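Hi,

Here is the structure I promised to send over. Have a look at it first, and then read on for what I found.

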Amino acid sequence: MAYVIGASCVDIMDRSCMEECPVDCIYEGERKLYINPVECIDCGACEVACPEQAITVDRKADPEHRADNRRFFEEVLPGRDAPLGTPGGAGAIGPLGADTALVGGR
């Protein structure tokens, strides 16, 4: 995983990072954004664009949020039948309207 979006994004979702991402790997939950670890190319464009400073390189990210970001793609989210996985771009999917248990429970 190249970058992780942390707690500063919850209920803020400025979306500047989504506009700057050249590979469309930032997905929108109900209350937070998530970076797909397989699709991210580690360019850093999202980190610079985020006015909330919510995006961190994975090795420096809070371990709880690093694991939570992975869960968004690997586990079945509320209201879905299967894990999101690696769909190849957030634009075609749009907002998912669901978050991980960590974010949904806050």
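The N-terminal end of α3 is capped by D62, with a side-chain oxygen 2.6 Å from the backbone nitrogen of E64. Please keep in mind that this is a predicted model.

I began with the helix itself. α3 is made of twelve residues, and its first and last C-alpha atoms are 16 Å apart, close to the 16 Å expected at 1.5 Å a residue. Its buried residues are H65, D68, N69, F72 and F73. Viewed down the axis of α3, these buried residues fall within an arc of 140°, so they line one face of the helix. As a reminder, an α-helix has 3.6 residues a turn, so residues three or four places apart point the same way. P63 and E74, on the other side of α3, are exposed.

What covers the buried residues of α3? The cover includes β1 (3-5), β2 (26-28), β3 and α4 (101-104).

The aromatic side chains come next. The model has three aromatic pairs by the rule I used. One of them is Y34 with F72: the ring centres are 3.7 Å apart and the planes meet at 5°, so this pair is stacked, given that planes under 30 degrees apart count as stacked. Y34 counts as buried, at 0% relative accessibility. F72 is likewise buried, with a relative accessibility of 0%.

F72 also pairs with F73. Their ring centres lie 5.1 Å apart with the planes at 80°, so this pair is edge-to-face, as planes over 60 degrees apart are counted. F73 has 4% relative accessibility and counts as buried because the cut-off is under 20%.

Taken together, Y27, Y34, F72 and F73 form one aromatic cluster. Y34 has a charged neighbour as well: the charged end of K32 sits over the Y34 ring, 4.1 Å from its centre.

Best wishes

Terms used: Residues numbered from 1 in each chain as written. Predicted model: local features only at pLDDT ≥ 70, side-chain atom pairs only at ≥ 80, totals over all residues. Heavy atoms only, no water. Phe/Tyr/Trp six-rings, centres within 6.5 Å; stacked < 30°, edge-to-face > 60°. Buried < 20%, exposed > 50% of the residue type's maximum accessible area, 1.4 Å probe, protein only. Lys NZ or Arg CZ within 6 Å of the ring centre and 35° of its normal. Helix = DSSP H or I, 4+ residues; strand = E, 2+ residues; numbered from the N terminus. Expected span 1.5 Å × (residues − 1). Arc of directions from axis to C-beta. Contact = heavy atoms within 4.5 Å. Polar contact = N/O pair within 3.5 Å; in protein donor to acceptor, adjacent residues only side chain to side chain.
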